[in-house]
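This report describes how selected parts of one protein chain are arranged. Please consult the sequence and the structure while reading.

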Amino acid sequence: MGTWTVEACAQGICEIHMPGRKFPTLQGDGAQHALRAKTQLEEYFKRRRTVFSLRRCPVLASDFRLSVWGAIDAIAYGQTRTYGEVARDIGHPLAFRAVGTANGHNPWPIITPCHRVVASAGLGGYGGGLELKRSLLELEGITRY
C-alpha cells in the first residue's frame with residue numbers, strides 16, 4: 001500500500017503521511033515514538049494488530065474536530081460508520097459534511113481510522129484516494145460499504 005511516513009517528537013506521534021507524500025521523520029527525541037509507530041503499522045498491515053497503543057502529540061484543533069477524531073477512534077477494526085452516524089454520535093446530527101472535513105484533516109490516518117468512515121451511499125472520499133481507502137477496508141475484511 002505504499003510507503004507511509006511517520007513524524008514524531010518527544011511528546012509522541014505528530015503526523016502520519018499517506019503514500020506519495022514524502023516528508024522527513026523527526027530525529028532525536030521522537031525516534032522512539034516513530035519506531036514504535038513503524039512497528040505497530042507493520043503489524044497492522046500484516047493483519048496482526050487491530051488496536052494501536054501510541055502516544056500522540058497534542059494538536060491545535062477545534063473542539064469539533066477533536067470530538068470527530070475521538071468518535072472515529074471508537075470505530076472498531078472491521079467496522080464502519082457513515083459521516084452522518086459520526087455526526088449524530090458527537091451530538092451534531094446535521095454536521096455530516098463538517099465531519100467529512102474534520103476527517104480529511106486527521107493527522108493520524110490508520111491510528112485514528114478515518115478510512116472506516118464511509119458515505120451513506122457508498123465509499124465516500126479519502127485523502128489518499130479511493131483505491132487506498134478500499135484496500136484498507138478490505139485489509140480489515142470490509143467488502144461492503
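How many residues lie between S1 and S2 in the hairpin that they form? The model examined here is a predicted one.

## The hairpin

Two residues separate strands S1 and S2 in this hairpin. The two strands pair in the antiparallel sense, and five bridges connect them. Within the pairing, Ala8 is found opposite Ile13 of S2.

## The nonpolar core

The largest nonpolar core contains 32 residues, and the members that touch the most others are Trp4, Ile13 and Val68. At least two residues of this core come from each of the following elements: strands S1 (5-9) and S2 (12-17), and helices H1 (31-45), H2 (63-73), H3 (83-89), H4 (96-104) and H5 (130-139). In soluble globular proteins, nonpolar side chains tend to be buried together.

Leaving aside residues up to four places away in sequence, Ile13 touches Val6, Glu7, Ala8, His33, Ala34, Ala37, Leu54, Arg55, Arg56, Cys57 and Trp108.

## The packing of H2 against H4

Helices H2 and H4 pack with their axes 9 Å apart, at an angle of about 80°. An angle of 65 to 115 degrees counts as roughly perpendicular, and H2 and H4 are therefore roughly perpendicular to each other.

On the H2 side, the contact involves Phe64, Arg65, Val68, Trp69 and Ile72, which meet Ala98, Val99, Thr101, Ala102 and Asn103 of H4. The residues of this contact comprise seven nonpolar, two polar and one charged.

Notes:
Residues are numbered from 1 along each chain as its sequence is written. This is a predicted model: local features need pLDDT of at least 70, side-chain atom pairs count only at pLDDT 80 or more; totals for chains, interfaces and linings use all residues. Side-chain values use heavy atoms; hydrogens and water are left out. A nonpolar core is a set of buried Ala, Val, Leu, Ile, Met, Phe, Trp, Tyr and Cys residues joined through side-chain atoms within 4.5 Å. Buried means under 20% relative accessible area, exposed over 50%, partly exposed in between (1.4 Å probe, protein chains only). Helices (H or I, at least four residues) and strands (E, at least two) are DSSP runs, numbered from the N terminus. Contact means heavy atoms within 4.5 Å. Axes are lines fitted to C-alpha atoms, for helices over the stretch in contact, and angles run from 0 to 180 degrees between N-to-C directions. Angles under 35 degrees count as roughly parallel, over 145 as roughly antiparallel, 65 to 115 as roughly perpendicular and the rest as oblique. Ala, Val, Leu, Ile, Met, Phe, Trp, Tyr, Cys and Pro count as nonpolar, Asp, Glu, Lys and Arg as charged, and the others, Gly among them, as polar. Two strands pair if DSSP finds at least two bridges between them.
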